[in-house]
Amino acid sequence: MLTVDSIAGCLTGIAALVVVIIATLGAQRVPAVVVAAPVAALLILLGLTDLSAAAAEVTTMAPTTGFLAAMLVVADVCAREGVFTWVGTVLAGWSRSSPRRLLRIVFVAAAVTTAILSLDTTIVLLTPVAVATARHIGARVTPIAFSSAHLANTASTLLPVSNLTNLLAFSATGLGFLGFTGVMLAPWVAAIVVEYLIFRWYFADELRASAPVETDAEPQPDAHRPTLLLVALALLLVAFVIAEPFGVPLAAVAGVGAVLFTLPALFRSPVATLRNTITAVNIPFLGFVATLGVVILPVRDGPLGDWIGGLIPSSSTLLGILLVAVLAAVLSNLVNNLPATLLLIPLVAHDPGLVLAMLLGVNIGPNLAYFGSLANLLWREIMHRDVAAPTSREYLRLGAITVPATLGVAVVALWGSLQLT
(Lines give C-alpha, C1' and ligand atoms only; values in the text may rest on other atoms or scores of the structure.)
Protein backbone atom coordinates (compact mmCIF):
# COMPACT_ATOMS: atom_id res chain seq x y z
CA MET A 1 0.00 0.00 0.00
CA LEU A 2 1.33 3.41 -0.94
CA THR A 3 1.88 5.87 1.87
CA VAL A 4 2.70 9.55 1.85
CA ASP A 5 6.28 8.73 2.88
CA SER A 6 6.72 6.14 0.13
CA ILE A 7 5.33 8.49 -2.53
CA ALA A 8 7.56 11.29 -1.29
CA GLY A 9 10.54 8.95 -1.28
CA CYS A 10 9.90 7.85 -4.86
CA LEU A 11 9.43 11.43 -6.07
CA THR A 12 12.60 12.49 -4.28
CA GLY A 13 14.51 9.65 -5.87
CA ILE A 14 13.20 10.44 -9.33
CA ALA A 15 14.00 14.13 -8.86
CA ALA A 16 17.54 13.26 -7.78
CA LEU A 17 18.03 11.10 -10.85
CA VAL A 18 16.71 13.85 -13.12
CA VAL A 19 19.25 16.24 -11.60
CA VAL A 20 22.02 13.73 -12.24
CA ILE A 21 20.90 13.40 -15.87
CA ILE A 22 20.84 17.18 -16.35
CA ALA A 23 24.25 17.56 -14.72
CA THR A 24 25.75 14.79 -16.85
CA LEU A 25 24.34 16.01 -20.16
CA GLY A 26 25.48 19.56 -19.49
CA ALA A 27 28.89 18.59 -18.16
CA GLN A 28 30.70 19.75 -21.31
CA ARG A 29 29.28 23.27 -20.98
CA VAL A 30 28.79 23.78 -17.24
CA PRO A 31 30.77 21.78 -14.64
CA ALA A 32 28.45 19.07 -13.35
CA VAL A 33 29.37 19.90 -9.76
CA VAL A 34 27.66 23.29 -10.23
CA VAL A 35 24.36 21.42 -10.51
CA ALA A 36 25.06 18.45 -8.22
CA ALA A 37 26.54 20.25 -5.19
CA PRO A 38 23.61 22.65 -4.54
CA VAL A 39 21.16 19.76 -4.92
CA ALA A 40 23.16 17.67 -2.43
CA ALA A 41 23.06 20.56 0.03
CA LEU A 42 19.32 21.04 -0.53
CA LEU A 43 18.63 17.36 0.12
CA ILE A 44 20.42 17.67 3.46
CA LEU A 45 18.67 20.90 4.41
CA LEU A 46 15.26 19.40 3.64
CA GLY A 47 16.05 16.36 5.73
CA LEU A 48 15.73 14.03 2.75
CA THR A 49 19.12 12.61 3.60
CA ASP A 50 21.06 12.69 6.85
CA LEU A 51 24.10 14.96 7.26
CA SER A 52 26.13 12.24 8.93
CA ALA A 53 25.23 9.79 6.16
CA ALA A 54 26.25 12.33 3.53
CA ALA A 55 29.54 13.00 5.31
CA ALA A 56 30.18 9.27 5.60
CA GLU A 57 29.50 8.82 1.88
CA VAL A 58 31.96 11.57 0.92
CA THR A 59 34.57 10.16 3.34
CA THR A 60 34.15 6.67 1.94
CA MET A 61 34.66 7.94 -1.59
CA ALA A 62 37.69 10.11 -0.70
CA PRO A 63 40.34 7.42 -1.46
CA THR A 64 38.66 6.75 -4.81
CA THR A 65 38.61 10.42 -5.80
CA GLY A 66 42.22 10.77 -4.62
CA PHE A 67 43.30 7.85 -6.75
CA LEU A 68 41.43 9.25 -9.74
CA ALA A 69 43.16 12.62 -9.33
CA ALA A 70 46.59 11.00 -9.23
CA MET A 71 45.97 8.88 -12.32
CA LEU A 72 44.68 11.91 -14.23
CA VAL A 73 48.05 13.54 -13.56
CA VAL A 74 49.93 10.41 -14.70
CA ALA A 75 47.93 10.28 -17.93
CA ASP A 76 48.55 13.98 -18.54
CA VAL A 77 52.31 13.53 -18.11
CA CYS A 78 52.24 10.61 -20.56
CA ALA A 79 50.45 12.77 -23.12
CA ARG A 80 52.83 15.72 -22.70
CA GLU A 81 55.93 13.53 -22.90
CA GLY A 82 54.90 12.03 -26.23
CA VAL A 83 53.61 8.58 -25.32
CA PHE A 84 50.56 8.90 -27.54
CA THR A 85 52.47 10.60 -30.33
CA TRP A 86 54.70 7.54 -30.35
CA VAL A 87 51.60 5.30 -30.28
CA GLY A 88 50.35 7.09 -33.41
CA THR A 89 53.62 6.34 -35.16
CA VAL A 90 53.37 2.68 -34.16
CA LEU A 91 49.76 2.45 -35.35
CA ALA A 92 50.65 3.89 -38.75
CA GLY A 93 53.74 1.71 -39.18
CA TRP A 94 52.25 -1.58 -38.06
CA SER A 95 49.04 -1.09 -40.05
CA ARG A 96 50.94 -1.04 -43.38
CA SER A 97 48.05 1.02 -44.77
CA SER A 98 45.61 -1.84 -44.18
CA PRO A 99 42.28 -0.79 -42.58
CA ARG A 100 41.72 -4.29 -41.18
CA ARG A 101 45.17 -4.40 -39.64
CA LEU A 102 44.71 -0.90 -38.22
CA LEU A 103 41.43 -1.95 -36.62
CA ARG A 104 43.14 -4.92 -34.98
CA ILE A 105 46.00 -2.76 -33.71
CA VAL A 106 43.63 -0.07 -32.37
CA PHE A 107 41.69 -2.78 -30.51
CA VAL A 108 44.89 -3.91 -28.81
CA ALA A 109 46.10 -0.37 -28.09
CA ALA A 110 42.72 0.71 -26.71
CA ALA A 111 42.40 -2.42 -24.56
CA VAL A 112 45.86 -1.94 -23.01
CA THR A 113 45.48 1.82 -22.57
CA THR A 114 42.07 1.42 -20.94
CA ALA A 115 43.22 -1.34 -18.61
CA ILE A 116 46.28 0.53 -17.34
CA LEU A 117 45.41 4.23 -17.62
CA SER A 118 41.58 4.07 -17.53
CA LEU A 119 38.89 4.57 -20.13
CA ASP A 120 39.03 8.38 -20.06
CA THR A 121 42.64 8.28 -21.25
CA THR A 122 41.61 6.11 -24.18
CA ILE A 123 38.84 8.53 -25.11
CA VAL A 124 40.77 11.78 -24.72
CA LEU A 125 44.24 10.80 -25.90
CA LEU A 126 44.00 7.66 -28.03
CA THR A 127 40.87 8.54 -30.05
CA PRO A 128 42.40 11.60 -31.81
CA VAL A 129 45.56 9.61 -32.55
CA ALA A 130 43.59 6.68 -34.00
CA VAL A 131 41.41 8.98 -36.12
CA ALA A 132 44.46 10.85 -37.43
CA THR A 133 46.16 7.54 -38.28
CA ALA A 134 43.09 6.34 -40.21
CA ARG A 135 43.09 9.55 -42.23
CA HIS A 136 46.83 9.28 -42.81
CA ILE A 137 46.64 5.79 -44.35
CA GLY A 138 43.39 6.44 -46.24
CA ALA A 139 41.17 4.19 -44.08
CA ARG A 140 37.56 4.90 -43.18
CA VAL A 141 37.39 6.77 -39.89
CA THR A 142 34.10 5.35 -38.55
CA PRO A 143 35.14 1.79 -37.58
CA ILE A 144 38.40 3.03 -36.05
CA ALA A 145 36.68 5.75 -34.02
CA PHE A 146 33.93 3.39 -32.86
CA SER A 147 36.52 0.83 -31.76
CA SER A 148 38.13 3.41 -29.49
CA ALA A 149 34.77 4.30 -27.93
CA HIS A 150 33.60 0.72 -27.43
CA LEU A 151 36.92 -0.59 -26.12
CA ALA A 152 37.05 2.25 -23.59
CA ASN A 153 33.97 0.68 -22.00
CA THR A 154 34.42 -3.01 -22.77
CA ALA A 155 38.10 -3.16 -21.81
CA SER A 156 37.60 -1.30 -18.52
CA THR A 157 36.69 -4.48 -16.62
CA LEU A 158 40.19 -5.92 -16.14
CA LEU A 159 41.92 -4.01 -13.34
CA PRO A 160 40.56 -2.16 -10.30
CA VAL A 161 42.19 0.97 -11.76
CA SER A 162 40.66 0.68 -15.24
CA ASN A 163 37.41 2.48 -14.46
CA LEU A 164 36.05 4.68 -11.70
CA THR A 165 33.21 2.19 -11.31
CA ASN A 166 35.77 -0.53 -10.50
CA LEU A 167 37.40 1.68 -7.88
CA LEU A 168 34.06 2.42 -6.25
CA ALA A 169 33.20 -1.28 -6.00
CA PHE A 170 36.69 -2.71 -5.40
CA SER A 171 36.44 -3.02 -1.62
CA ALA A 172 32.99 -4.63 -1.90
CA THR A 173 34.48 -7.49 -3.95
CA GLY A 174 36.63 -8.59 -1.02
CA LEU A 175 39.42 -9.34 -3.51
CA GLY A 176 42.98 -8.13 -3.75
CA PHE A 177 44.43 -6.44 -6.83
CA LEU A 178 45.66 -9.70 -8.36
CA GLY A 179 42.56 -11.58 -7.26
CA PHE A 180 40.28 -9.07 -8.97
CA THR A 181 42.37 -9.16 -12.13
CA GLY A 182 42.55 -12.94 -12.16
CA VAL A 183 38.78 -13.36 -11.95
CA MET A 184 38.06 -10.65 -14.52
CA LEU A 185 40.70 -11.74 -17.04
CA ALA A 186 38.50 -14.33 -18.80
CA PRO A 187 35.48 -11.98 -19.12
CA TRP A 188 37.81 -9.24 -20.38
CA VAL A 189 39.36 -11.40 -23.10
CA ALA A 190 36.04 -12.99 -24.11
CA ALA A 191 34.24 -9.64 -24.48
CA ILE A 192 37.07 -8.05 -26.50
CA VAL A 193 37.37 -11.01 -28.89
CA VAL A 194 33.62 -11.12 -29.54
CA GLU A 195 33.50 -7.35 -30.00
CA TYR A 196 36.34 -7.53 -32.52
CA LEU A 197 34.59 -10.25 -34.52
CA ILE A 198 31.38 -8.22 -34.57
CA PHE A 199 33.28 -5.12 -35.75
CA ARG A 200 34.90 -7.12 -38.57
CA TRP A 201 31.45 -8.28 -39.68
CA TYR A 202 29.54 -5.03 -39.11
CA PHE A 203 32.12 -2.78 -40.80
CA ALA A 204 33.18 -5.31 -43.48
CA ASP A 205 32.40 -2.97 -46.40
CA GLU A 206 34.11 0.04 -44.83
CA LEU A 207 37.18 -2.00 -43.95
CA ARG A 208 37.48 -3.18 -47.56
CA ALA A 209 37.08 0.31 -48.99
CA SER A 210 39.65 3.05 -48.84
CA ALA A 211 38.87 6.65 -48.10
CA PRO A 212 40.61 9.45 -50.00
CA VAL A 213 43.77 10.45 -48.18
CA GLU A 214 43.10 13.90 -46.75
CA THR A 215 45.74 16.35 -47.90
CA ASP A 216 45.14 18.57 -44.89
CA ALA A 217 45.47 15.70 -42.41
CA GLU A 218 48.39 16.08 -40.05
CA PRO A 219 51.31 13.84 -41.03
CA GLN A 220 52.32 11.20 -38.54
CA PRO A 221 55.36 12.45 -36.64
CA ASP A 222 58.49 10.33 -36.52
CA ALA A 223 58.34 10.00 -32.75
CA HIS A 224 60.97 8.35 -30.59
CA ARG A 225 59.84 5.67 -28.18
CA PRO A 226 59.53 7.14 -24.64
CA THR A 227 61.20 4.08 -23.11
CA LEU A 228 61.78 5.58 -19.67
CA LEU A 229 58.15 6.59 -19.27
CA LEU A 230 56.88 3.23 -20.50
CA VAL A 231 59.10 1.51 -17.93
CA ALA A 232 57.79 3.89 -15.25
CA LEU A 233 54.21 2.93 -16.15
CA ALA A 234 55.08 -0.76 -15.84
CA LEU A 235 56.70 -0.13 -12.46
CA LEU A 236 53.64 1.78 -11.26
CA LEU A 237 51.45 -1.19 -12.19
CA VAL A 238 53.81 -3.52 -10.32
CA ALA A 239 53.65 -1.17 -7.33
CA PHE A 240 49.86 -1.49 -7.26
CA VAL A 241 50.20 -5.27 -7.14
CA ILE A 242 52.93 -5.32 -4.48
CA ALA A 243 51.58 -2.59 -2.18
CA GLU A 244 47.97 -3.75 -1.94
CA PRO A 245 48.61 -7.01 0.01
CA PHE A 246 50.56 -4.99 2.58
CA GLY A 247 47.60 -2.72 3.19
CA VAL A 248 49.05 0.28 1.37
CA PRO A 249 46.11 2.14 -0.22
CA LEU A 250 46.07 2.30 -4.00
CA ALA A 251 45.49 6.05 -3.71
CA ALA A 252 48.78 6.43 -1.83
CA VAL A 253 50.69 4.46 -4.45
CA ALA A 254 49.08 6.46 -7.27
CA GLY A 255 49.85 9.71 -5.43
CA VAL A 256 53.53 8.86 -5.09
CA GLY A 257 53.56 7.79 -8.74
CA ALA A 258 51.99 11.09 -9.83
CA VAL A 259 54.63 13.06 -7.92
CA LEU A 260 57.50 11.04 -9.41
CA PHE A 261 56.07 11.33 -12.92
CA THR A 262 55.76 15.11 -12.51
CA LEU A 263 59.17 15.83 -10.93
CA PRO A 264 61.31 16.02 -14.13
CA ALA A 265 58.98 18.56 -15.73
CA LEU A 266 58.67 20.41 -12.41
CA PHE A 267 62.44 20.96 -12.33
CA ARG A 268 62.46 22.16 -15.94
CA SER A 269 59.53 24.60 -15.72
CA PRO A 270 57.90 24.79 -12.26
CA VAL A 271 55.15 27.31 -12.99
CA ALA A 272 53.92 25.73 -16.21
CA THR A 273 54.05 22.23 -14.69
CA LEU A 274 52.03 23.28 -11.64
CA ARG A 275 49.46 24.91 -13.90
CA ASN A 276 49.23 21.81 -16.09
CA THR A 277 48.96 19.53 -13.06
CA ILE A 278 46.13 21.53 -11.52
CA THR A 279 44.29 21.45 -14.84
CA ALA A 280 44.85 17.71 -15.19
CA VAL A 281 43.46 16.99 -11.72
CA ASN A 282 40.08 18.34 -12.93
CA ILE A 283 38.79 19.48 -9.54
CA PRO A 284 35.23 20.19 -10.79
CA PHE A 285 34.88 16.58 -11.98
CA LEU A 286 36.24 15.23 -8.69
CA GLY A 287 33.73 17.41 -6.86
CA PHE A 288 30.94 16.00 -9.01
CA VAL A 289 32.00 12.43 -8.19
CA ALA A 290 32.07 13.22 -4.47
CA THR A 291 28.66 14.92 -4.41
CA LEU A 292 27.09 12.33 -6.68
CA GLY A 293 27.17 9.84 -3.82
CA VAL A 294 25.14 12.26 -1.69
CA VAL A 295 22.62 12.98 -4.45
CA ILE A 296 21.97 9.27 -4.97
CA LEU A 297 21.41 8.54 -1.24
CA PRO A 298 17.63 9.26 -1.28
CA VAL A 299 17.28 6.82 -4.17
CA ARG A 300 19.38 4.09 -2.61
CA ASP A 301 17.80 4.36 0.84
CA GLY A 302 14.23 5.01 -0.33
CA PRO A 303 11.42 2.90 -1.80
CA LEU A 304 12.95 2.92 -5.27
CA GLY A 305 16.15 1.44 -3.91
CA ASP A 306 14.13 -1.13 -1.95
CA TRP A 307 12.27 -2.13 -5.11
CA ILE A 308 15.50 -2.54 -7.08
CA GLY A 309 16.98 -4.45 -4.13
CA GLY A 310 14.08 -6.89 -4.38
CA LEU A 311 15.26 -7.81 -7.87
CA ILE A 312 18.76 -8.77 -6.72
CA PRO A 313 19.34 -12.53 -6.36
CA SER A 314 20.83 -13.98 -3.20
CA SER A 315 23.81 -15.77 -4.77
CA SER A 316 26.05 -15.74 -7.83
CA THR A 317 24.57 -18.57 -9.83
CA LEU A 318 24.83 -18.25 -13.60
CA LEU A 319 21.27 -16.92 -13.74
CA GLY A 320 21.94 -14.58 -10.81
CA ILE A 321 25.06 -13.16 -12.46
CA LEU A 322 23.21 -12.66 -15.73
CA LEU A 323 20.29 -10.91 -13.99
CA VAL A 324 22.55 -8.49 -12.12
CA ALA A 325 24.66 -7.73 -15.20
CA VAL A 326 21.58 -7.00 -17.32
CA LEU A 327 19.99 -4.89 -14.56
CA ALA A 328 23.22 -2.89 -14.20
CA ALA A 329 23.43 -2.38 -17.97
CA VAL A 330 19.82 -1.17 -18.14
CA LEU A 331 20.27 1.22 -15.21
CA SER A 332 23.47 2.58 -16.75
CA ASN A 333 21.66 3.53 -19.92
CA LEU A 334 18.76 5.06 -17.97
CA VAL A 335 20.66 7.08 -15.36
CA ASN A 336 24.36 6.83 -16.41
CA ASN A 337 26.76 4.22 -15.07
CA LEU A 338 28.20 6.22 -12.15
CA PRO A 339 24.85 6.69 -10.37
CA ALA A 340 23.95 3.11 -11.27
CA THR A 341 27.14 1.85 -9.61
CA LEU A 342 26.58 3.89 -6.45
CA LEU A 343 23.00 2.66 -6.31
CA LEU A 344 23.80 -1.01 -6.80
CA ILE A 345 26.95 -1.52 -4.70
CA PRO A 346 25.16 -1.90 -1.32
CA LEU A 347 22.49 -4.09 -2.93
CA VAL A 348 24.97 -6.64 -4.31
CA ALA A 349 27.67 -6.40 -1.63
CA HIS A 350 26.47 -9.63 0.05
CA ASP A 351 28.06 -11.67 -2.76
CA PRO A 352 31.39 -10.75 -4.43
CA GLY A 353 30.34 -12.58 -7.60
CA LEU A 354 27.33 -10.30 -7.93
CA VAL A 355 29.53 -7.23 -7.42
CA LEU A 356 31.71 -8.35 -10.32
CA ALA A 357 28.60 -9.07 -12.43
CA MET A 358 27.38 -5.56 -11.67
CA LEU A 359 30.71 -4.18 -12.93
CA LEU A 360 30.31 -6.07 -16.20
CA GLY A 361 26.91 -4.43 -16.63
CA VAL A 362 27.95 -0.87 -15.79
CA ASN A 363 31.14 -1.09 -17.86
CA ILE A 364 29.98 -2.94 -20.99
CA GLY A 365 26.34 -1.79 -20.94
CA PRO A 366 27.12 1.89 -21.78
CA ASN A 367 28.12 0.84 -25.31
CA LEU A 368 24.41 0.77 -26.04
CA ALA A 369 23.72 4.52 -25.86
CA TYR A 370 25.56 7.83 -25.58
CA PHE A 371 24.18 8.56 -22.12
CA GLY A 372 25.47 5.27 -20.68
CA SER A 373 28.74 6.77 -19.46
CA LEU A 374 30.51 10.10 -19.19
CA ALA A 375 33.21 8.67 -21.47
CA ASN A 376 30.65 8.24 -24.26
CA LEU A 377 29.60 11.88 -24.03
CA LEU A 378 33.23 12.96 -24.01
CA TRP A 379 33.91 10.82 -27.08
CA ARG A 380 30.99 12.45 -28.88
CA GLU A 381 32.41 15.91 -28.14
CA ILE A 382 35.85 14.87 -29.44
CA MET A 383 34.32 13.41 -32.58
CA HIS A 384 32.36 16.64 -33.16
CA ARG A 385 35.68 18.51 -33.14
CA ASP A 386 37.55 16.14 -35.48
CA VAL A 387 34.84 14.68 -37.73
CA ALA A 388 31.07 14.40 -37.76
CA ALA A 389 30.06 12.43 -34.68
CA PRO A 390 27.76 9.43 -35.29
CA THR A 391 24.13 10.08 -34.49
CA SER A 392 22.46 8.53 -31.47
CA ARG A 393 20.66 6.14 -33.82
CA GLU A 394 23.97 4.96 -35.35
CA TYR A 395 25.47 4.49 -31.91
CA LEU A 396 22.40 2.58 -30.73
CA ARG A 397 22.32 0.38 -33.85
CA LEU A 398 25.88 -0.88 -33.27
CA GLY A 399 25.37 -1.11 -29.51
CA ALA A 400 22.23 -3.21 -29.92
CA ILE A 401 24.40 -5.84 -31.61
CA THR A 402 27.57 -5.66 -29.51
CA VAL A 403 26.21 -5.22 -25.98
CA PRO A 404 24.05 -8.39 -25.75
CA ALA A 405 26.81 -10.50 -27.30
CA THR A 406 29.76 -9.12 -25.33
CA LEU A 407 27.85 -8.95 -22.06
CA GLY A 408 26.57 -12.49 -22.56
CA VAL A 409 29.99 -14.04 -23.15
CA ALA A 410 31.50 -11.98 -20.34
CA VAL A 411 28.85 -13.26 -17.91
CA VAL A 412 29.50 -16.88 -18.88
CA ALA A 413 33.26 -16.34 -18.59
CA LEU A 414 32.83 -14.70 -15.17
CA TRP A 415 30.72 -17.61 -13.97
CA GLY A 416 33.43 -19.99 -15.15
CA SER A 417 36.13 -17.98 -13.35
CA LEU A 418 34.11 -18.01 -10.13
CA GLN A 419 33.73 -21.78 -10.33
CA LEU A 420 37.50 -22.18 -10.65
CA THR A 421 38.31 -19.79 -7.82
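**Close-up 1. The largest cavity of the predicted model.** The space inside amounts to about 240 Å³. By the rule used, the count comes to one cavity of 30 Å³ or more.

**Close-up 2. The lining around the cavity centre.** The lining of the largest cavity numbers 21 residues. Nearest the centre lie Leu68, Leu119, Asp120, Asn163 and Leu164. Which helix gives the largest share of the lining? H3 does, with four residues.

**Close-up 3. Helix H5, residues 99-117, and the residue that follows.** H5 has 19 residues. At 1.5 Å a residue, H5 should therefore span 27 Å. The C-alpha atoms at its ends are 26 Å apart, in agreement with that value. Serine 118 comes after H5. The phi of serine 118 is positive, near 90 degrees.

**Close-up 4. A nonpolar surface patch.** Leu319, Leu322, Val326, Val330 and Leu334 make up this patch. Its area is about 460 Å². Residues three or four places apart in an α-helix point the same way, because the helix has 3.6 residues a turn.

**Close-up 5. Valine 330 in helix H17.** H17 covers residues 318-335 and includes valine 330. Valine 330 is also one of the residues of the nonpolar patch. How does valine 330 count by relative accessibility? Its value is 44%, so valine 330 counts as partly exposed, the class between under 20% (buried) and over 50% (exposed).

Notes. Residues numbered from 1 in each chain as written. Predicted model: local features only at pLDDT ≥ 70, side-chain atom pairs only at ≥ 80, totals over all residues. Heavy atoms only, no water. Helix = DSSP H or I, 4+ residues; strand = E, 2+ residues; numbered from the N terminus. Expected span 1.5 Å × (residues − 1). Patch = residues over 30% accessible without salt bridge, like charges linked within 9 Å, V, L, I, M, F, W, Y side chains within 5 Å. Areas by Shrake-Rupley, 256 points an atom, 1.4 Å probe, with all protein chains shown as cover. Salt bridge = Lys/Arg side-chain N within 4 Å of Asp/Glu carboxyl O. Buried < 20%, exposed > 50% of the residue type's maximum accessible area, 1.4 Å probe, protein only. 1 Å grid on protein atoms, 1.4 Å probe; cavity = no way out; pocket = protein on both sides within 12 Å on 5 of 7 lines; lining within 4 Å. Points joined across faces, edges and corners; volume = space filled by probe spheres on them.
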